[in-house]
Amino acid sequence: MVEAVGGRAQRLGVPNVETRLLDAQQLDLPDEGFDVVLCRFGYMLMADPRAALRESARVLRPGGKLVLIVWGTAEENPWLSLVIDALIDHLDAPRPEPGTPGPFSLGEAARLRGLLEEAGLGDVEVAAVETEQTYDSVAGWWDELLEVSGPLAAMLKALPAGDREAIRAKVLSVGEAFAAEDGTARFPARVIGATAGPGLRA
């Protein structure tokens with residue numbers, strides 16, 4: 001991803017873009033060095049989102065802004081949670097503990113707000129956005145998730161073919177509830193967005 005962004009910036013001839021791979025929980029960046037920190041579906045996957053948010057606050061200039069989005073809860077995002085549930089059930093694996101890094105770990109608006117405030121950020125605003133995940137078909141939903149869902153796709157692809165096919169059959173059966181008359185699959189989805197400023201400096 002970092003290489004792709006850097007390559008695109010070069011092709012477009014944008015001179016003031018620098019790409020680096022950094023640890024979000026311990027940024028190798030100066031204090032108050034940035035006007036904006038933007039994170040799309042990232043903090044929810046970090047081992048210590050509180051530490052990462054503190055680092056984001058540290059590098060913001062006075063008057064700067066942090067902007068982020070994360071997925072809502074599992075129940076609010078069946079387009080992904082149904083596949084995760086089918087995988088866990090098939091493997092008879094334990095359910096993740098609340099707060100375990102994952103796509104829904106920051107899906108509760110109150111928890112996200114609390115982490116932002118604990119990180120020393122101010123002017124915190126949190127809002128939910130109702131949206132929809134649409135796919136060409138129920139089968140297309142499965143195929144697309146296998147292409148783009150990162151760790152989940154890697155886990156599914158690593159399973160024996162028989163296990164993967166059993167999970168697929170269950171997922172497609174449950175997914176039929178979201179099939180539309182035109183053959184597409186339409187799943188409700190919920191995103192939580194937040195903005196915050198750097199807060200008071202010590």
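**Note on the sheet and its helices**

1. Within the sheet, Arg 40 stands opposite Ile 69, the latter belonging to strand E2. The model under discussion is a predicted one, and the pairing of E1 with E2 (residues 60-71) in this model is parallel, with six bridges joining the two strands.

2. Taken as a whole, the sheet is open and has four strands in the order E1-E2-E4-E3, with mixed pairing. Strand E1 (34-40) and strand E3 (122-135) stand at the edges, and because each has a single partner strand, one side of each is left without a neighbour in the sheet. From one strand to the next, the twist averages 15 degrees.

3. Helix H5, for its part, lies across E3 and E4 and runs at about 130 degrees to E3.

4. Helix H5 (residues 138-148) also meets helix H6 (residues 151-158), their axes coming within 6 Å and crossing at roughly 105 degrees; H5 and H6 are therefore roughly perpendicular to each other. On the H5 side the contact is made by Trp 142, Leu 145, Leu 146 and Glu 147, and on the H6 side by Ala 153, Leu 156 and Lys 157. By class, the residues of this contact of H5 with H6 divide into five nonpolar and two charged, with no polar ones.

How values were computed: Residues are numbered from 1 along each chain as its sequence is written. This is a predicted model: local features need pLDDT of at least 70, side-chain atom pairs count only at pLDDT 80 or more; totals for chains, interfaces and linings use all residues. Side-chain values use heavy atoms; hydrogens and water are left out. Axes are lines fitted to C-alpha atoms, for helices over the stretch in contact, and angles run from 0 to 180 degrees between N-to-C directions. Angles under 35 degrees count as roughly parallel, over 145 as roughly antiparallel, 65 to 115 as roughly perpendicular and the rest as oblique. Contact means heavy atoms within 4.5 Å. Ala, Val, Leu, Ile, Met, Phe, Trp, Tyr, Cys and Pro count as nonpolar, Asp, Glu, Lys and Arg as charged, and the others, Gly among them, as polar. Two strands pair if DSSP finds at least two bridges between them.
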